[in-house]
Amino acid sequence: MSSAAKLKTSPFRTTKTEYKFVYTLVLVGLASLTLATFFDPLVSQTVMNQNSIFGNIFQNYADQGANIVLIVAFEVLAWLAWQQMSDTFSRYLSTGALLGMAFNQILAALQDMLSYTFSMIHNLQHGIPMGVANNTAAVQNYPEPLRWSLAVVILVILSFAFQRWVSHRSFQEKNYLTLATLVGIATVFVATSTVGEMKLLWGRYRPYEMTDILHGSLGHFTPWYHLNGNTHHNSFPSGHTMSGWLFLYLTFFVPRSNYLWQKRLTIFGLAMGLLTALSRVRIGAHWLSDVTVSSLLVGLMVFIASRILQAHFVENQSINNH
């Protein structure tokens, strides 16, 4: 019996390690939120440094978990469609449309990374702390041909790699990948829409907005449980932290018999979630409570998605030894 068949016929149960992950996430999250309830301003005053290299690296380049999950999902679906559709018109139309969606996500990721990078460089040249790039990242401050050129090159490389990779998957693996892509797309949508709506409801000032260097104005602190309405301030909860934790979903694109890459991507996802959260407090873009709530929400969303998939973060290798 094949590895995939054995995994499929074995009853699905949450492992002890996964229970520990959920318990740890919730307990540490509640402890952190309790601390933040009383000491949010003090924590930020103590650790905030907008010239932090650590904070700026994660601000510029770690906000792509959602985009990367979508890029992988659309690439996989594109080449599944290419291989499984017999009608020529449908094959080209479906594959082209899905690759177009992947291209759009690549453009979005590059817009974030380039705008943050160019804003940071501008700030350095004008004696402004690097981290203030967060204020101006939405402004187009980079050569647009650069973004499109990079996007085309990245799309070509990824499409070549995913076409070859998908073509070597078994029938069972392709069925699993189809479900994994759809659940991944849904998870990203739920996470981004939930965090986005909460930002509008809470309208919370960021730590660095207490002394806005660019505009010379002062914000006012409100505790995490206080809703301010749509004030155009979006500190709570943290969008970067949300995206950092979404990297954890990448392990579910790995075939269920490839334990090594499941383990590697699980470790990578956990590290990205935690380090992104810490970096946002360090750079002064978020309060401790902002990143804590995002970590709790998205960590649990990814866990629930894995139960829907009936896939473990790292599958039990002992199944194949019976």
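Hi everyone, thanks for coming. A quick word on ground rules before the structure itself. Residues are numbered from 1 along each chain as its sequence is written, and side-chain values use heavy atoms, with hydrogens and water left out. Since the model is predicted, local features need pLDDT of at least 70 and side-chain atom pairs count only at pLDDT 80 or more, while totals for chains, interfaces and linings use all residues.

Let's begin with helix packing. Two packed helices are described by the angle between their axes and the distance between the axes. Axes here are lines fitted to C-alpha atoms, for helices over the stretch in contact, and angles run from 0 to 180 degrees between N-to-C directions. The helices themselves are DSSP runs (H or I, at least four residues), numbered from the N terminus.

The α2 and α11 crossing is left-handed, meaning that the near helix is turned anticlockwise from the far one by less than a right angle, with clockwise giving right-handed. On the α2 side, the contact (heavy atoms within 4.5 Å) includes F21, L25, G29, L33 and A36. From α11, the residues include T292, L296, G299, L300 and F303. By type, the residues of this contact split into 13 nonpolar, 6 polar and 3 charged.

Now, what does α11 do with α10? The axes of α10 (residues 259-282) and α11 (residues 288-309) come within 9 Å and cross at roughly 160 degrees. These two are therefore roughly antiparallel to each other as well. The crossing of α10 and α11 is right-handed. A277, R280 and V281 of α10 meet L288, V291 and S295 of α11. That contact divides into 4 nonpolar residues, 1 polar and 1 charged.

On to the inside of the protein. In soluble globular proteins, nonpolar side chains tend to be buried together. Here the largest nonpolar core has 59 residues, and L246, Y249, F252, F253 and L309 touch the most other members. A nonpolar core means a set of buried Ala, Val, Leu, Ile, Met, Phe, Trp, Tyr and Cys residues joined through side-chain atoms within 4.5 Å. Which helix gives the most to this core? That would be α4, with 13 residues. Helices supplying at least two residues each include α2, α5, α7 and α8. As for L309, leaving aside neighbours within four places in sequence, its contacts are Y176, L179, A180, V183, Y249 and F252.

Next, the end of α2 and what follows. S44 lies in helix α2 and is buried, with a relative accessible area of 3%. The cut-offs are under 20% for buried, over 50% for exposed and in between for partly exposed (1.4 Å probe, protein chains only). Not counting residues up to four places away in sequence, S44 touches P207, H286 and W287. M48 sits in the loop between α2 and α3 and is partly exposed at 30%. M48 and Y208 are 160 residues apart in sequence, yet 8.5 Å apart in space, C-alpha to C-alpha.

Most residues other than glycine have a negative phi, and most peptide bonds are trans. In the loop between α8 and α9 we find H232, with a positive phi near 70 degrees. Is H232 buried or exposed? H232 is exposed, at 67%. H233, in that loop too, counts as buried at 18%. Beyond its neighbours within four places in sequence, H233 contacts K199, G203, R204, Y205 and E209. P237 also belongs to this loop, and a cis peptide bond with omega about -10 degrees joins F236 and P237. Finally, Q310, in the segment after α11, has a positive phi of about 55 degrees and is exposed at 54%.

That's my tour; happy to chat.

Conventions
Parallel < 35°, antiparallel > 145°, perpendicular 65-115°, else oblique. Nonpolar A, V, L, I, M, F, W, Y, C, P; charged D, E, K, R; others polar.
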